[in-house]
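Visitor: Could you take me through this structure? I shall ask as we go along.

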Amino acid sequence: MSVFHDSYMTTALVAGTGIALACGLVGYFLVLRAQVFTGDALSHVAFTGALAALAFGIDLRVGLFAACVLIAVLFGALGRRGRADDVVIGNVFAWVLGLGVFFMTLYTTNQSGSSNSSGNQTVNVLFGSILGISSGQAVTALVIGIAVSLVLLLIARPLLFATLDEAVAAARGVPVRLLGYTFLVLIGITAGEASQAVGSMLLLGLLAAPAGTALLVTDRPFVGLAVSAVLGVFDVWVGLTLSYFVPDTPTSFWIMAVAAATYACAVAYSRMARRRRRPGVTAAAS
Amino acid sequence: MIDDAVLSLRDAAVSVGGRLLWSGVDLSVRPGEFVAVLGPNGVGKSTMIKVLLGTLPAAAGSVTVLGERPGAAGEQIGYLPQRRNFDGSLRIRGVDVVRLGLDGDRWGVPLPFARRFSSGRRIADERVREVIDLVGASAYAHRPIGECSGGEQQRLLIAQALVRRPRLLLLDEPLDSLDLPNQAGIAALIHRICVQEQVAVVMVAHDVNPILSYLNRVVYIVSGGAASGPASEVITTETLTRLYGTPVEVLRAADGRLVVVGGPEAPALHSDRHADHHSHEHGDRHEALR
Ligand SMILES: Nc1ncnc2c1ncn2[C@@H]1O[C@H](COP(=O)(O)OP(=O)(O)O)[C@@H](O)[C@H]1O
Ligand SMILES: [Mg+2]
């Protein structure tokens, strides 16, 4: 019996890989920059964007990406040096969620004839439907995921510099503001794409868990970046496989379960490592 | 005089938000000189560093840094901003933070296994190791920087500022929030670098005493006025008393060193400094880095 025997599984693996790569890489900087809340807010913006698109009868994904990228840029504009503070994010977040509810009502009222499909669409945006996407959509997801990953790798080093040491990086000529905006847009695109796979509600797990795990297991930034991407892909693959072998269970649940489990293992590992290291440590090998 | 000057200010003034902070500052710094910028909180010492970096224009006068307008020679300047402790939970090694000082402005990511194939990479690794050695941070450079003490972090950040062999070091209160032995240690380290590597050092300080014996030149800024010149001329009871408008005494301690005491915001009074942090609206945000 093979997971790849069923074409919908292949499709899901293709889409999931692209999304997980992007989430792992973006998530690493999200955690390092203490912008996890931004990621959380943007994943819910995806929900509002999708519902707005449905309400106006345009392609759901247009609304989703437009909303995510626009709000991401808005966060940057409202914040200092392309980084918004929690109060700003919280306010925009609440307002956007309110809009989401508004569009949902608008949409379900207009569609009252065929209420079933509208309900499904809403649920899909909230909780994801990676098994239901077409092979064309999967290829798109892969391409977008790889594109986001490439851009992120391209800016990774100056972004790390700007993250750890903003003033010094700026003095050295690193375009701190521009990097901040670019990163926000990358979060927006990632949130828009990933919310289709794992849903707005659960996206945060895919953004934060692999990155959090990576930061626990290594203190080398570029190794951590790679570990985070690999772990993201691992979580999605194992999650998809588990959902395949345990019938009638939601994929998103399994992906999040695997992500949480790896994170828990990493916490245990780092606790143990720290305890072992405690008495009079000096340097580790380079 | 300008020929070999690393830095020169002529009748320079600066204003922030329409308010004139200081004016009439003349200063010329040569390689290997150690210069202190002194004065109470909020007079514009950090602002002076920003002018030298080129992030803020001077309102009047002329400013030349490394023979060019400020900001043009950023490559050859090592900068240590005021503040800052890394968040205790930050799990990035000190050596990586130092490394960013060398190549943090380059696009892309370091390729895995490049050490084996690229001589440039090996040279860079060697330079980072060397500069960490120079500041005496080898013992903890491979630990997460968040777990290092304030003094250890400061040494690593000095290494980061030094890693590109700058000709000018701009240090904004590097001794702030350190205990006395660490203040003395870092001050001695900076002096050694200044002499050994012939780097010109401009150090903003709130408390002049730890660096008093190393200084070649001093700029004293108080609101409305400034005095600059050789340390022996500026740090005198008369000049300081005139600048502050209240009695300040410069004493000679038993071991021959000078000590500055007195004045409402006299640099020597540590307790004053902390009270001052709360009472003043301070331009710099001392936020923890993540
Ligand atoms: N970006 C800014 N906008 C407006 N005022 C500022 C800004 N930065 C600093 N200031 C003001 O300029 C003055 C000098 O600040 P600063 O150079 O940081 O002082 P110092 O370093 O000597 O303590 C302070 O009164 C501060 O409030
Ligand atoms: Mg200052």
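Guide: One term first: contact means heavy atoms within 4.5 Å. This is a predicted model, in which local features need pLDDT of at least 70 and side-chain atom pairs count only at pLDDT 80 or more, while totals for chains, interfaces and linings use all residues. Residues are numbered from 1 along each chain as its sequence is written, chains are lettered from A and ligands numbered from 1 in the order in which they are written, and side-chain values use heavy atoms, with hydrogens and water left out.

Visitor: What do the buried residues of α9(A) pack against?
Guide: They pack against α1 (7–32), α2 (36–56), α8 (176–198), α10 (221–245) and α11 (251–277) of chain A. Helices (H or I, at least four residues) and strands (E, at least two) are DSSP runs, numbered from the N terminus.

Visitor: Why is α9(A) described as largely enclosed?
Guide: Because 11 of its 15 residues are buried, where buried means under 20% relative accessible area, exposed over 50%, and partly exposed in between (1.4 Å probe, protein chains only). Among the buried residues are A:L203, A:P210 and A:L216.

Visitor: How confident is the prediction for chain A?
Guide: Its mean pLDDT is 87, and 91% of its residues reach 70 or more; pLDDT is the predictor's confidence in each residue, from 0 to 100. Over residues 281–286 of chain A the pLDDT is below 50. Where pLDDT is low, the predicted coordinates should not be read in detail.

Visitor: Turning to the metal, which protein residues are donors of the magnesium ion?
Guide: B:S46, through OG, and B:Q82, through OE1, lie 2.0 to 2.1 Å from the magnesium ion (ligand 2). Donors are N, O and S atoms within 2.8 Å of the metal (3.2 Å for Na, K and Ca); water is not among the atoms, so sites may look incomplete.

Visitor: Where in chain B do those two sit?
Guide: B:S46 belongs to helix α1 (residues 45–53), and B:Q82 to the loop between β5 (77–80) and α2 (94–103), 36 residues apart.

Visitor: Are they buried or exposed?
Guide: B:S46 is buried at 11% relative accessibility, and B:Q82 is buried at 7%.

Visitor: And the sheet in chain B: what is the strand order?
Guide: The order is β2-β1-β4, an open, antiparallel sheet of 3 strands; two strands pair if DSSP finds at least two bridges between them. Since β2 (19–29) and β4 (60–65) each have a single partner strand, one side of each is left without a neighbour in the sheet.

Visitor: How many bridges join β1 to β2 there?
Guide: Strand β1 (residues 7–16) of chain B is joined to β2(B) by 7 bridges. B:L9 stands opposite B:L27 in β2(B).
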